[in-house]
Amino acid sequence: MLDFFTIFSRGGLVLWCFPSTSTLFTSSVNALIRSVLLQERGGGGDAFCHESLALRHRLDNEYELVFVVCYQKVLQLNYVDKFLDDIHREFRDKYKNELTSGQFAAGFDDFQSVYAQVLQASESAARANAKRPKEMRTYVESEKSKKTVSSMIVGAEQPAAASSATKSAPGAKSAKNGASAKAPAKAKPAAPAAESKKPTEAPPAAAGSNGQLDEETRLRNLERLAAKKLGGKASKQPSPTAVPSTGSETGSGKRVKQKTVWAGSKLSRAEMEALDRSDDKPTGPNGASDAGEAAADPALIKQKRDMIGDLKELSVQPVDSADAGDDDSDSDGAADAGNAAPAAGGKSGGGGLFGMFRGLVGSKTLNREDLAPVLDKMRDHLVAKNVAAEIAGKLCDSVAARLEGRTVGAFSTVASTVRSAMTDACLQILSPRRRVDILRDALDAKARGRPYSIVMCGVNGVGKSTNLAKIAFWLIANGCRVLIAACDTFRSGAVEQLRTHVRRLAAAYPPESDGSSYVELYEKGYGKDPAGVAMEALRYASTKRFNVCLIDTAGRMQDNEPLMRALAKLVSVNEPDLVLFVGEALVGNEAVDQLVKFNQSLADMSQSEQPHTIDGIVLTKFDTVDDQVGAAISMTYITGQPIVFVGTGQTYTDLKALSASAVVNTLLR
Ligand SMILES: Nc1nc2c(ncn2[C@@H]2O[C@H](COP(=O)(O)OP(=O)(O)OP(=O)(O)O)[C@@H](O)[C@H]2O)c(=O)[nH]1
Ligand SMILES: [Mg+2]
């Protein structure tokens, strides 16, 4: 019933396979290597499906071997796991000497008879099993018991989600945050959005010690009140470079209740200005009313120079002294990743994640029991760092599968070995399978005279429009002419928000002498079909020889079927070069649901035969998560796609490239 079986080394050398001449399965085995073994998805024990085949594998960590079977996925073969265990054992026993001395050239041709025997035994046992009347499952074996366990894991995170709500920045979707109760209780810096809203107006004079105001103060306060009534709230000055956000504080610093504005209702001019979040308004309280104001902004002019060339990588956060003692072996990040850290005698007394597992284990072969306590702690640690619970579990399973049976050196601890393997695994996940080089592709498109198109999608308020403007700023700094397509025809204020960005960008990059502008907005107002607007924008970009067309879309919840269908239509009709999913670094367990459903909708609701799913990720609000960087791992794990941009604030220069080693260092600290 098995179609194919092979044994190969991690280095890629095929030791044995059956049938020996078949090349039919090469592409499926390659897919398994690419999508499972190289992406740390090998721990769950589930079959990997490729085309009509199912593939299962076993790792031999001592000799660095992989055992793979392929069979038709329509078949329910319940003996495959046992067969893999048996054949693995037989192969190791039979060729122990060759494997130990690395003599692979001798050949393993005589394995054929053992293979046939083991397979026959497994098949007969399965047949006998099938004939036996079914026993009732125990509670522990039932799906229900599994559900309870997993829901316990999720439940364990809830207190932290609640506690994080109290300390997270304004605008943060803390309730969705999946951090566990063990999250380090570090004070988070307030988001720049909050800081930029601080009023500069002096507070009312304080009352005297007896609570009574003196006459002079009373008169001054009355004057101020009268001035306010006349509309004199002039002194509110936002930061000159911040991309503005909506605020609800008055000039006197008091919060006032704001009128609810329902989506779709008509907006007054004042409300539109209040919604105008994309301009830093250097001179006026309500932002640049004309392009000249932004042009006068010296900070923006300086920022232009900073953005030339490839984006800078995220910088590594300095290690706290409290944490450093726990982890100094890893301070070199990726460079150290492959080496198990020596268990330094001098590192005694450190608490922290691995403190309790620092006993030397000597030269021994690791088994599940050795690994279980360390991996449990590792799982909690990852969840505390905001990795989705499900992904943290799978990563730990994968590391367990990698380490089981491996011999650790006399000076290694289980903890350092696990940490080293986890570092490798996370680096591997964050290292893109394929490189998305937008600047190169955009310049390439420029040379070919066609616009390079990017669609930004994601749930509401994650930073699609703001980061789209940052990307435009970066591309223009590198000589591209950018058309921004306002395809969020749904949310009130979305078009005006982009209009303000374009006005600022145009002021920073004035048109050429021949009148060709570096940036323009293509807008058709509200209520129009976004797919149609995008199509017209692309046509306009072609005619007007823009090099890049950035398509903004409305925020939508992943379960909103009509809106997801509209997004799938926009993508399939316009065939953009890149579909970027924008997600907040604040997101915890929700990341899995968002990405899976966006990808699923793009695939299922597409009108095209070869649906275009998510090509890359923009991870926003990274500046607000301190060291809880787990969303980066969750998002890349689910999609297998790279994080193309990281948003680190609200100015145009707050756009960075991901540094895998910086993220992994912070994650495992
Ligand atoms: N701190 C911080 N704030 C950000 C970042 N990116 C965006 N924001 C803020 O997030 C808020 C929402 O940003 P938008 O760009 O309007 O989000 P959106 O996804 O377009 O929202 P919708 O169109 O309503 O779905 C704004 O206040 C932005 O300034 C970032 O990287 N860091
Ligand atoms: Mg938007």
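Mentor: A polar contact is a pair of N or O atoms within 3.5 Å; within protein, one must be able to donate a hydrogen and the other to accept it, and residues adjacent in sequence count only if both atoms are side-chain atoms. This is a predicted model, in which local features need pLDDT of at least 70 and side-chain atom pairs count only at pLDDT 80 or more, while totals for chains, interfaces and linings use all residues. Residues are numbered from 1 along each chain, ligands are numbered from 1 in the order in which they are written, and side-chain values use heavy atoms, without hydrogens and water.

Trainee: What makes the approach of Lys-470 to ligand 1 a polar contact?

Mentor: A polar side-chain atom of Lys-470 lies 3.4 Å from an oxygen atom of ligand 1. The limit is 3.5 Å, so the pair qualifies. Ser-465 also places a polar side-chain atom 2.8 Å from a ligand 1 oxygen, and a backbone N or O atom of Gly-461 lies 3.0 Å from one.

Trainee: Why is Ser-517 called buried?

Mentor: Its relative accessible area is 13%. Buried means under 20%, exposed over 50% and partly exposed in between (1.4 Å probe, protein chains only), so Ser-517 is buried.

Trainee: What does Ser-517 contact, leaving aside its neighbours within four places in sequence?

Mentor: Ser-517 is in contact with Arg-481, Pro-511 and Phe-546, where contact means heavy atoms within 4.5 Å.

Trainee: How do you know that the side chains of Ser-517 and Glu-520 form a polar contact?

Mentor: The contact joining these two side chains spans 2.9 Å.
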